[in-house]
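Please consider the sequence and the structure shown below.

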Amino acid sequence: MLYFAQPSTRTFLSFYSSSQILGMMPAEVRDAATSSEVKGETPEDTVRTFSSYADVIVMRHPVGGFAERIAWMLSNTDRPVPVVNAGSGKDQHPTQALLDVYTLQRSLEQRGGIDGKKIAFVGDLARGRTVRSLAWLLTQYQGVKQYFVAPESLQIGEDIREALRQAKLDFEITEDFDRVVPDVDAIYMTRIQDEWGRRRESRSIDTSQFHFTADHLAVLKPDAIVMHPLPRRKEIAPEVDGDPRAKYWRQVRNGMWVRATLFLYIFEREGEVDRYYEDLVG
């Protein structure tokens with residue numbers, strides 16, 4: 001069951017496509033306004049209903065922590081189906097972090113992988129759940145230095161900074177994008193997340209100095225990469241797309257395979273992976 005109470009293109013389609021690849025039959029609710037929530041049903045009761053029909057629930061929800069709360073709720077029912085967090089408020093996007101780490105590993109494997117590399121996060125870091133999840137996941141690697149490049153009002157939260165301190169990983173808070181570009185092994189660009197503002201007030205912030213342009217390609221390391229969870233606005237110039245160091249379209253493709261792997265992992269734990277694998281290979 002794909003329950004997406006927020007807009008999504010890549011995350012939804014990659015889960016949808018990966019389930020089809022594995023021979024699964026996806027059902028979907030892509031707008032809470034099409035469910036009984038418009039009649040006053042609580043989101044919890046809506047998802048409990050889904051659990052009667054589905055073997056796994058993938059959900060994106062605007063309320064932070066909702067997926068985790070639902071997972072705990074269902075674990076105490078007679079049908080405790082697995083719950084996958086496909087984006088939770090402004091706090092986490094764990095499956096995006098998995099595909100981002102996979103993209104980093106594949107792109108940097110000729111240089112020893114992720115350990116010891118320098119990675120810059122650029123843009124709206126305060127509200128970007130993809131950044132928060134990936135920054136945390138990188139604490140599982142050795143010697144990674146993270147740069148957080150953004151205006152002060154859009155900088156990474158204190159909770160992520162504390163997680164990096166606890167992991168004893170080096171990080172730097174800066175607004176000097178041009179200084180960071182030549183020094184890093186990967187740049188993770190993000191858009192302004194103004195949908196979280198009450199009046200979209202962040203649109204008034206000048207972020208032009210944090211855009212990656214074709215001119216930056218000349219100073220970027222020959223073996224460095226540029227990433228973006230997408231969608232983008234003006235933060236990466238279209239002229240960058242043709243450079244082999246631009247990996248954001250590969251990220252999109254990687255997302256489907258990573259999520260297919262996640263499904264297989266879930267059903268292996270549930271003891272059903274053999275049935276799906278036999279159907280897949282005939």
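A120 has I187 as its bridge partner in β8. The model is a predicted one, in which local features need pLDDT of at least 70 and side-chain atom pairs count only at pLDDT 80 or more, whereas totals for chains, interfaces and linings use all residues. Residues are numbered from 1 along each chain as its sequence is written, and side-chain values use heavy atoms, with hydrogens and water left out. Helices (H or I, at least four residues) and strands (E, at least two) are DSSP runs, numbered from the N terminus.

Strand β5 (residues 118–122) runs parallel to β8, and four bridges join them. Two strands are said to pair if DSSP finds at least two bridges between them. Strand β8 is also joined to strand β9 (residues 225–227), by three bridges and again in parallel; here I187 stands opposite V226. Strand β8 (residues 186–189) is covered on both faces, with A186 and Y188 buried on one side and I187 and M189 buried on the other. Buried means under 20% relative accessible area, exposed over 50%, and partly exposed in between (1.4 Å probe, protein chains only).

## The open sheet and its helices

Strands of a sheet pair through backbone hydrogen bonds, either parallel or antiparallel. Four strands form an open sheet in the order β2-β1-β3-β4, with parallel pairing. Its edge strands, each pairing on one side only, are β2 (28–29) and β4 (83–88). Helix α1 (residues 10–21) packs on this sheet and touches β1, β2, β3 and β4; its direction makes about 175° with that of β1. Contact means heavy atoms within 4.5 Å. Axes are lines fitted to C-alpha atoms, for helices over the stretch in contact, and angles run from 0 to 180 degrees between N-to-C directions.

Strand β1 (residues 2–4) is joined to β2 by two bridges, and the two strands run parallel. In this pairing, L2 has E28 of β2 as its bridge partner. Helix α3 (residues 66–75) lies across β1, β3 and β4, and runs at about 160° to β4.

## R60 in strand β3

R60 belongs to strand β3 (residues 57–61). Is R60 buried or exposed? R60 has a relative accessible area of 7% and is therefore buried. A polar atom of the R60 side chain lies 3.0 Å from the backbone oxygen of A86. A polar contact is a pair of N or O atoms within 3.5 Å; within protein, one must be able to donate a hydrogen and the other to accept it, and residues adjacent in sequence count only if both atoms are side-chain atoms.

With neighbours within four places in sequence left aside, the residues in contact with R60 include Y3, F4, A5, A86, G87, H93 and R129.

T77 is placed in the loop between α3 and β4. Its relative accessible area is 16%, so T77 is buried. A polar atom of the T77 side chain lies 2.8 Å from the backbone oxygen of L74, and the T77 side chain also reaches the backbone nitrogen of R79 at 3.2 Å.

## Packing of α4 and α5

Two packed helices are described by the angle between their axes and the distance between the axes. Helix α4 (residues 94–108) packs with helix α5 (residues 129–137) at an angle of about 55°, and their axes are 8 Å apart. The two helices are therefore oblique to each other. Angles under 35 degrees count as roughly parallel, over 145 as roughly antiparallel, 65 to 115 as roughly perpendicular and the rest as oblique. From α4, the contact is made by P94, Q96, A97, L98, D100, V101 and L104; from α5, by T130, S133, L134 and L137.

Eight of the nine residues of α5 are buried, so this helix is largely enclosed by the rest of the structure. Among them are R129, V131, R132 and A135.

## L134 and L137 in α5

L134 lies in helix α5 and is buried, with a relative accessible area of 0%. Residues up to four places away in sequence not counted, L134 touches A97, D100, V101, L104, F121 and Y188. The C-alpha atoms of L134 and Q92 are separated by 9.0 Å, although the two residues are 42 residues apart along the chain.

L137 is also part of helix α5. L137 is buried, with a relative accessible area of 17%. Apart from neighbours within four places in sequence, L137 is in contact with A97, L98 and V101.
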